[in-house]
Protein chains: 2
Amino acid sequence: MFAETADYIKTDNVPGASWRNSTPYTSRSVQTIEHGASLFFQGDDAEYVFEVVEGVVASYSVLADGRRQVHCFFFPGDMLGLTPDAVYHANTCSIGKSRVCSIPRAKLMQIAKERPEIAAKLFESATAQLVGMQDHFVLLGRKCAQEKVASFLSALGARYATEGADTVTFRLPMTRSEIGDYLGLTIETVSRTMTKLRIAGAINLPNPATVEVLSRRRLERLAGDGAGY
Amino acid sequence: MFAETADYIKTDNVPGASWRNSTPYTSRSVQTIEHGASLFFQGDDAEYVFEVVEGVVASYSVLADGRRQVHCFFFPGDMLGLTPDAVYHANTCSIGKSRVCSIPRAKLMQIAKERPEIAAKLFESATAQLVGMQDHFVLLGRKCAQEKVASFLSALGARYATEGADTVTFRLPMTRSEIGDYLGLTIETVSRTMTKLRIAGAINLPNPATVEVLSRRRLERLAGDGAGY
DNA sequence: CGACGGCTTGATGATCATCAAATAGGGTGG
DNA sequence: CCACCCTATTTGATGATCATCAAGCCGTCG
């Protein structure tokens, strides 16, 4: 969505080699982020706003004793690093290798002042994330393990599904640990729940990283969403 | 924050009597919302953006079987009804009597195009909500009952606290049921946990609706946040 | 004064976390 | 190319936390 905006910004204003993980500046403001590498940490100066171009990036918080909560997985087209001030409020890490487009935040905010359609896109991106987060509240606060996992796989499946087909096969980019930290479960519970879904005939697991949704409809029913209003 | 913006909008453009709960249009675009009344429901056309002027408003989702999750409590100064499209994505209800300022959404978006500082405020409001929601993810996904309740009371206490004082007394505007639906707990667990906090000497409960935080510092420690990074 | 709704407290049980161990898959070095 | 190792995942056993069911309490309001 904003990948093209980056080009609007003169690249000679973009400082190079400013990455905590020493990812080289590529001169097209698109960086390749290695598996596990971070775009930024909580408390860092918010120098850039990012758009995922390829791969997946996770944002998360950690409590003092190590408990971790993944807030969100960002997929291609998603913006991250949006903050109300000039500081990041979460940590990030790349799930597998990913490519992100970086846009200097101050510059972008400046441009937003001149071009209303850019400001509107930023607002739309932020509010779309707000809406997405609401479903996740319901999941975390009110769903049981089976509903959580079914919801997760269902949502991920929808991303890869072809129109009309009731089955999907896709590769899970994230580990059980990351899934658990996203769903508020332990890795053991995630694993057990997935086998349960497999035994129930809702999915197949040719290998731990590959999910075959046998019936999207059924999985959605197991997700417990029904027609909430 | 936006209360003044409402005045920028010519009031003769604001349709009256458009409220689902038949709240009368007051000609100053500030409505009084009765206890339990709703500003809007999920799926409604997003005619207005609101700013809470007084009282508290909750937004929530409901699953088909009645399980409810409160996403957020909106206090004076908070905006609600921000959406990426023209539809509301959550339900709302007033906690006790409240007063809200309503701003026609289309009009506001139009104004945002002409006045960058308004667009910036909208963006800031949306992203500030994003940041606030992240802490709530941690609470819902990774905290135990005691930490949840302590976090909640601590946050609420901070809102009423006076600079430097380690104690606060305030009135809980919401019921145990609403607190439970916000924290992902049952009313019984909320009640039990509050008693535990009382016995532990962290708070006092002169009556069910009044909380006296005896030590904000201690309550914060019980909230489990420590120095997450 | 009595009834109602919200809150508290108690008893029990289900779900999920924890601890522990076995298995499988992928990558590395011989 | 194969053997090995390391890590992720799966599976099992046990226990803690919190939900559920149930009853009693308290303040409010008619």
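Across the interface of chain B and chain A, 12 residue pairs are in polar contact, both residues being at pLDDT 80 or more. A polar contact here is a pair of N or O atoms within 3.5 Å; within protein, one must be able to donate a hydrogen and the other to accept it, and residues adjacent in sequence count only if both atoms are side-chain atoms. The model is predicted, so local features need pLDDT of at least 70 and side-chain atom pairs count only at pLDDT 80 or more, while totals for chains, interfaces and linings use all residues. Residues are numbered from 1 along each chain as its sequence is written, chains are lettered from A and ligands numbered from 1 in the order in which they are written, and side-chain values use heavy atoms, with hydrogens and water left out.

On chain B, the side that touches chain A draws at least two residues from each of strand 2 (48–62), strand 3 (68–74), helix 2 (105–114), helix 3 (116–142) and helix 5 (176–183). Helices (H or I, at least four residues) and strands (E, at least two) are DSSP runs, numbered from the N terminus. Helix 3 of chain B gives the most to this side, with 19 residues. By class, this side of chain B has 23 nonpolar, 17 polar and 9 charged residues. Ala, Val, Leu, Ile, Met, Phe, Trp, Tyr, Cys and Pro count as nonpolar, Asp, Glu, Lys and Arg as charged, and the others, Gly among them, as polar.

Contact (heavy atoms within 4.5 Å) takes in 49 residues from chain B and 49 residues from chain A. The area buried between the two chains is about 4,400 Å², and carbon and sulfur atoms give 68% of that area. Buried area is the accessible area (1.4 Å probe) that two parts lose on being put together, summed over both. There are 4 salt bridges between chain B and chain A, each a side-chain nitrogen of Lys or Arg within 4 Å of a carboxyl oxygen of Asp or Glu. Arg142(B) forms a salt bridge with Asp181(A), with the closest N and O atoms 2.7 Å apart.

The protein also meets DNA. Of the 15 residues around DNA strand D, those that come nearest are Ser191(A), Arg192(A), Thr195(A), Ala145(B) and Thr189(B); a residue is near a strand if one of its heavy atoms lies within 4 Å of it. An N or O atom in the side chain of Arg192(A) is 2.7 Å from a base nitrogen of DNA strand D.
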